[in-house]
Amino acid sequence: MSGAKTAVGSCVGESRFSLDRDGELIVTDNSMSESCSGVTIYTDGASRGNPGYAGIGAVILDANGSCLMELSEWIGIATNNEAEYTALIKALEAARQLCAKKVNVLTDSELMVRQMTGEYAVKSQRLRPLFLQVQRLKGEFSGFTIKHVGRERNPRADRLANLGIDSQLNELD
């Protein structure tokens, strides 16, 4: 996974989010931090081919259901499951930067949910480091839940993941 191209967007008020040269999230107006003690995160990863061109998408909502941030990123060549985990990692990093204390993750990746809850073992050597990174990140929150939702309940994150892929493919044309 290489050559990341990221789009980070603010969805509310006057808060602005951007990335510095190293790809680190910058919150230029911290007024939202008090209202995001608990967030809901929708994530999705997409791969055209398995492995193939891949992108990630995420939507972070506050406790009232208002959109705090959207993420869309090209992640290079990856499997769909690698893209799913990468989407979760990027979203958890963003939630941490937003000062979230508790996160509720909703994703259409049943495999990732079952691995994160311990129902399935992580056998893939390519997924193991991503799984361990999520485990470390989730330990930084006072509360963490993850739940599987059907694709029909995750359309925005799906669209953002595909936009991440399209952003790179449009440059290649």
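## Close-up legends for a predicted model

**View 1. S109 is buried, with a relative accessible area of 6%.** Buried here means under 20% relative accessible area, exposed over 50% and partly exposed in between (1.4 Å probe, protein chains only). This is a predicted model, in which local features need pLDDT of at least 70 and side-chain atom pairs pLDDT 80 or more, while totals for chains, interfaces and linings use all residues. Residues are numbered from 1 along each chain as its sequence is written, and side-chain values use heavy atoms, leaving out hydrogens and water. You will find S109 in the loop between β7 (102–107) and α2 (110–116); helices (H or I, at least four residues) and strands (E, at least two) are DSSP runs, numbered from the N terminus. Setting aside residues up to four places away in sequence, S109 touches E84 and H148, where contact means heavy atoms within 4.5 Å.

**View 2. T107, in strand β7, is buried at 0% relative accessible area.** The T107 side chain reaches the backbone nitrogen of S109 at 3.2 Å. Not counting residues up to four places away in sequence, T107 touches a list of residues that includes T43, E84, M112, H148 and N154.

**View 3. R48 meets D166 side chain to side chain.** Look for R48 in strand β4 (residues 38–49), where R48 is partly exposed at 36% relative accessible area. Its side chain makes a polar contact with that of D166 at 2.8 Å (N or O atoms within 3.5 Å, one able to donate a hydrogen and the other to accept it; residues adjacent in sequence count only if both atoms are side-chain atoms). Beyond its neighbours within four places in sequence, R48 is in contact with Y53, N162, I165, D166 and L169. Of these, Y53 belongs to strand β5 (residues 52–61) and is partly exposed, with a relative accessible area of 35%.

**View 4. Helix α4 covers residues 155–172.** Which residues of α4 are buried? They are A157, L160, A161, G164, I165 and Q168.

**View 5. R156 and E70 form a salt bridge, with N to O at 2.7 Å.** R156 lies in helix α4 and E70 in strand β6 (residues 67–78), so the pair ties together parts that are 86 residues apart in sequence. A salt bridge is a side-chain nitrogen of Lys or Arg within 4 Å of a carboxyl oxygen of Asp or Glu, and a search of the whole structure finds seven of them. R156 is partly exposed at 29% relative accessible area, whereas E70 is buried at 18%.

**View 6. The side chains of K90 and E73 meet in a salt bridge (3.4 Å, N to O).** This pair links distant parts of the chain, with K90 in helix α1 (residues 80–97) and E73 in strand β6, 17 residues apart. K90 counts as partly exposed at 29% relative accessibility, and E73 is buried at 5%.

**View 7. E110 pairs with R114 in a salt bridge, the closest N and O atoms being 2.7 Å apart.** Because they are four residues apart in helix α2, E110 and R114 are separated by about one helical turn. Salt bridges that share partners join E110, R114 and E119 into one network.

Technical notes: Expected span 1.5 Å × (residues − 1).
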